[in-house]
Amino acid sequence: MWLYAAERPWLLGTIVVLALVLLPVAVWMDLKNLSDRALTVQARTLNRMLNDIRGYYATNIVSRVQGHDGDSIAAHDYADIPGAVPIPATLSLELGDVIGTSGEEEIGYRFVSDFTFTSRAAHRLDGFERAALASFRASRDPDAVATEIAGSLFEREIRMAVPVILGQACVSCHNNHPLSPKHDWRVGDVRGIQAITVHQPIAENLFSFKYLFIYFAGAGAFGIALTGLNWRQANQFRRMNSELEETNDFLASVSMKISKYLSPQIYKSIFSGEKDVTISTERKKLTIFFSDIKDFTETSEHLQPEELTNLLNEYFTEMSAIAHAHGATVDKFIGDAILAFFGDPHTRGAREDANACLDMAMAMQRRMVALKGEWRRRGIEKPFEVRMGINTGYCNVGNFGSADRMDYTIIGAEANLAARLQHIAEPGGIVLSYETWAHVRDRVRARPLQPITLKGISGEIVPYAVEGIHDGDDAPATINEAESGLSLFLDVDRLDAGARRRAETVLEKALDAVRGARPEKPPETAG
């Protein structure tokens with residue numbers, strides 16, 4: 001039932017509102033019940049007291065007067081005198097006995113004094129009565145009241161005492177009576193005290209709040225059930241949070257692994273929700289970069305597979321770091337080739353994309369100079385030499401493949417043109433298409449090459465070879481050139497003074513030899 005209510009918040013809210021409305025109703029009903037009970041007890045007590053007083057009056061006064069033929073007198077020992085009636089003090093004492101011994105314990109009455117008639121037993125006064133009597137006699141105030149509240153956790157008792165003041169008639173009687181304890185009473189003296197005790201067990205009143213108890217019992221049951229439901233839900237939440245943490249850790253681990261297979265831009269756009277993993281493409285203007293290692297097959301024949309793998313991974317790592325630093329989207333590694341592009345998923349405009357791509361390519365070629373020197377020191381006879389091509393144009397970019405397997409890539413003749421431009425580039429060189437060159441012509445030197453044709457593109461295409469790739473750098477610390485008949489490696493930073501002088505001598509001799517070499521004979525023709 002509680003689960004049913006918890007799954008319906010409006011029902012739970014209705015129960016809470018109803019509980020708040022019922023609280024004052026329960027209090028009002030209990031107050032009414034308590035008032036009815038108090039009035040019933042008071043009415044019963046007063047009725048009993050009146051009946052007892054009436055019976056006492058009928059027996060000790062009326063019957064005695066009616067049963068005596070002579071004159072009736074008032075005396076303290078009226079029981080021994082035919083036709084006599086009790087004096088007021090005796091009447092009060094005997095009424096106290098009547099009220100106190102009637103079987104009801106809620107109300108008690110005492111009429112006591114420390115001066116009793118010699119024919120009566122002395123009254124036993126407790127501490128409260130002695131203190132009240134002393135206070136009354138000290139103040140002589142007829143309206144004085146002494147109060148004492150006592151009891152325990154389960155019952156309460158209140159005692160109220162007032163002084164009994166002697167009037168003129170009382171003084172005359174007491175001073176002339178032979179059994180009076182003293183004969184010098186004066187008007188206004190405190191003869192004794194009259195005390196009323198009201199006793200009320202709290203436990204009995206507790207049952208007067210039955211409606212409130214029922215309400216609290218219901219509220220307690222509701223609270224216990226709600227607490228149990230919250231505890232159950234808390235356990236479920238803890239279990240769900242634990243499962244979510246495990247799932248998140250697993251997803252984080254998987255996402256980190258997936259990120260190794262995707263370009264950072266594509267990875268972020270997919271996991272941030274910018275792109276849906278559906279088969280869809282867009283036509284955008286991109287700047288495409290294509291690079292390839294010259295004579296990779298021949299170089300791989302001279303290396304062990306493990307050494308080739310390490311060398312190729314090192315090359316890809318270095319080039320990828322440069323590509324990411326310049327904002328390129330690395331599409332894929334095709335054998336020893338790298339395909340990357342600018343303009344998707346984010347673009348800075350065709351001009352800025354082209355300039356960023358050129359900066360990346362020049363940074364890669366400059367880095368290759370240092371890498372080739374490092375590889376030669378490690379014993380690589382023929383380090384990698386890279387050719388690069390860059391083209392700007394419209395391509396289809398997006399998810400290609402099937403519903404089960406997709407690849408985020410580009411398709412179009414412009415991508416093929418970038419691959420063709422790379423193919424005609426010199427080792428260590430960069431070749432641009434005309435549109436790319438038009439975007440970067442104000443910041444780089446380039447010379448036109450022989451026009452080329454490409455299937456799918458009408459007309460000839462004029463490539464532009466970038467010059468001065470290393471211009472603006474400091475004097476190169478490493479020179480590494482290898483051609484047919486030429487093998488030169490120079491690491492300036494590792495030369496000491498003696499080695500520098502020897503290098504100068506060797507290079508001068510080599511320069512003289514090159515300049516003094518005989519020109520190559522033209523090939524003979526058949527006569």
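The exercises below, each with a worked solution, concern the chain shown above.

The model is predicted, so that local features are taken only at pLDDT of at least 70 and side-chain atom pairs only at pLDDT 80 or more, whereas totals for chains, interfaces and linings use all residues. Residues are numbered from 1 along each chain as its sequence is written, and side-chain values use heavy atoms, with hydrogens and water left out.

**Exercise 1. The chain as a whole**

Describe the secondary structure, burial, contacts and surface of the chain.

Solution. Begin with the secondary structure, where helices (H or I, at least four residues) and strands (E, at least two) are DSSP runs numbered from the N terminus; the chain has 14 helices and 18 strands. Next comes burial, for which a residue is buried under 20% relative accessible area, exposed over 50% and partly exposed in between, with a 1.4 Å probe and protein chains only; of the 527 residues, 33% count as buried. For contacts, defined as heavy atoms within 4.5 Å, consider those with a separation of 6 or more: residues 24 or more positions apart account for 63% of them. Finally, the accessible surface, from the Shrake-Rupley method with a 1.4 Å probe and, for residues, with only the protein chains shown counting as cover, comes to about 32,100 Å², and carbon and sulfur atoms hold 57% of that area.

**Exercise 2. Two aromatic pairs**

Classify the pair Y315 and F384 and the pair Y434 and W437, and place each in the chain.

Solution. The rule is that rings of Phe, Tyr and Trp (its six-membered ring) pair if their centres lie within 6.5 Å, with planes under 30 degrees apart counted as stacked, over 60 as edge-to-face and the rest as tilted. By this rule the chain has nine aromatic pairs. In one of them, Y315 and F384 lie 6.1 Å apart centre to centre with 80° between the planes, an edge-to-face arrangement. This pair links distant parts of the chain, since Y315 belongs to helix α10 (residues 305-325) and F384, 69 residues away, to the loop between α11 (350-377) and β10 (386-401). Y315 is buried at a relative accessible area of 0%, and F384 is buried at 1%.

The ring centres of Y434 and W437 are 5.8 Å apart and their planes meet at 50°, so this pair is tilted. Both residues belong to helix α13 (residues 434-440), and because they are three residues apart there, about one helical turn separates them. Y434 is partly exposed at 45%, while W437, at 13% relative accessibility, is buried.

**Exercise 3. A charge over rings**

Which rings does the charge of K182 sit over?

Solution. The criterion requires NZ of Lys or CZ of Arg within 6 Å of the ring centre and within 35 degrees of the ring normal. The charged end of K182 sits over the ring of F115, 5.3 Å from its centre. K182 also lies over the face of W185, at 4.6 Å from the ring centre.

**Exercise 4. Backbone features in loops**

Locate the cis peptide bond between D344 and P345 and the positive phi values of R140 and D295.

Solution. The bond joining D344 and P345 is cis, with omega about 0°, and P345 lies in the loop between β9 (337-342) and α11. R140, which is not a glycine, has a positive phi near 55°; R140 lies in the loop between α4 (127-139) and β4 (146-151) and is partly exposed at 40% relative accessibility. D295, also not a glycine, has a positive phi of about 55°; D295 lies in the loop between β7 (281-293) and α9 (296-301) and is partly exposed at 39%.
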